[in-house]
Amino acid sequence: MSRTPPRVVVTGGIGSGKSLVCSLLADLGVAVIDADSLGHAVLEPDGEAFGEVAARWPQALEEGRIVRARLGGMVFSDPAQLSELVAITHPHIRARMLAEVELHPDHPVAVEISAPSEAVMPPWPVLVVDADPQTVDRRLRGRGMTEADIAARKGAQRSRREWLQIADQVIRNNRSRDALAEEVSKVAARMGLLSQ
């Protein structure tokens, strides 16, 4: 009976470069699943979390759809409301995520999770993408975020130290893309993602 290929979680703070790391992993042949896109799907009108979220935050609705930016503006500045949203959505995101993983029985899989919680995290090794605060702030300003937006988003997530505490492996993303690609290859090999 063949061994299940490795499965890993890729996570880290906003602006750390998780998506770029996952893109580089995909270039190496790793199947990549984006939990954020699954999070969007569960909030669509036919999504599993739509009814409960729409009932709890009706002011986030417009023309029968949840406006995610409006919802984010409400919950990211209020830890209690953010916890409520996580409790509603994350079990559905996890179910979709595990179903997608099952579609890759013979390939290593990396799942990108922006907001890890007990409700969404599978028991797999965790690869944390890390960048220094100045680099993160510069990237977020480049996305058009204001200083207030940046502070609110950072305040709603783990501290840099807390991210590093959950890591089995860390990729530092402060340098060039070429340097990052080299680091991703090394870490992927260490985690067994390239051994299939």
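This is a predicted model: local features need pLDDT of at least 70, side-chain atom pairs count only at pLDDT 80 or more; totals for chains, interfaces and linings use all residues.

Residues are numbered from 1 along each chain as its sequence is written, and side-chain values use heavy atoms, with hydrogens and water left out.

Let us start with helix H2, residues 35-42, and helix H5, residues 79-101, which pack at an angle of about 120° with their axes 9 Å apart. Helices here are DSSP runs of H or I with at least four residues, strands are runs of E with at least two, and both are numbered from the N terminus. The axes are lines fitted to C-alpha atoms, for helices over the stretch in contact, and angles run from 0 to 180 degrees between N-to-C directions. H2 and H5 are therefore oblique to each other, given that angles under 35 degrees count as roughly parallel, over 145 as roughly antiparallel, 65 to 115 as roughly perpendicular and the rest as oblique. On the H2 side, the residues that meet H5 include Leu 38 and Val 42, and on the H5 side, Ile 93 and Met 97 are among them.

The second pair is H6, residues 133-142, and H7, residues 147-155, whose axes come within 10 Å and cross at roughly 125°. These two helices are therefore oblique as well. Pro 133, Val 136, Asp 137, Leu 140 and Arg 141 in H6 meet Glu 147, Ile 150 and Lys 154 in H7.

Which residue does the side chain of Asp 137 make a polar contact with? The partner is the side chain of Lys 154, at 2.5 Å, where a polar contact is a pair of N or O atoms within 3.5 Å and, within protein, one must be able to donate a hydrogen and the other to accept it, residues adjacent in sequence counting only if both atoms are side-chain atoms.

Finally, Val 129 lies in strand S6, residues 126-130. Val 129 is buried, with a relative accessible area of 2% (buried means under 20%, exposed over 50% and partly exposed in between, with a 1.4 Å probe and protein chains only). Beyond its neighbours within four places in sequence, Val 129 is in contact (heavy atoms within 4.5 Å) with residues including Val 10, Lys 18 and Ile 171.
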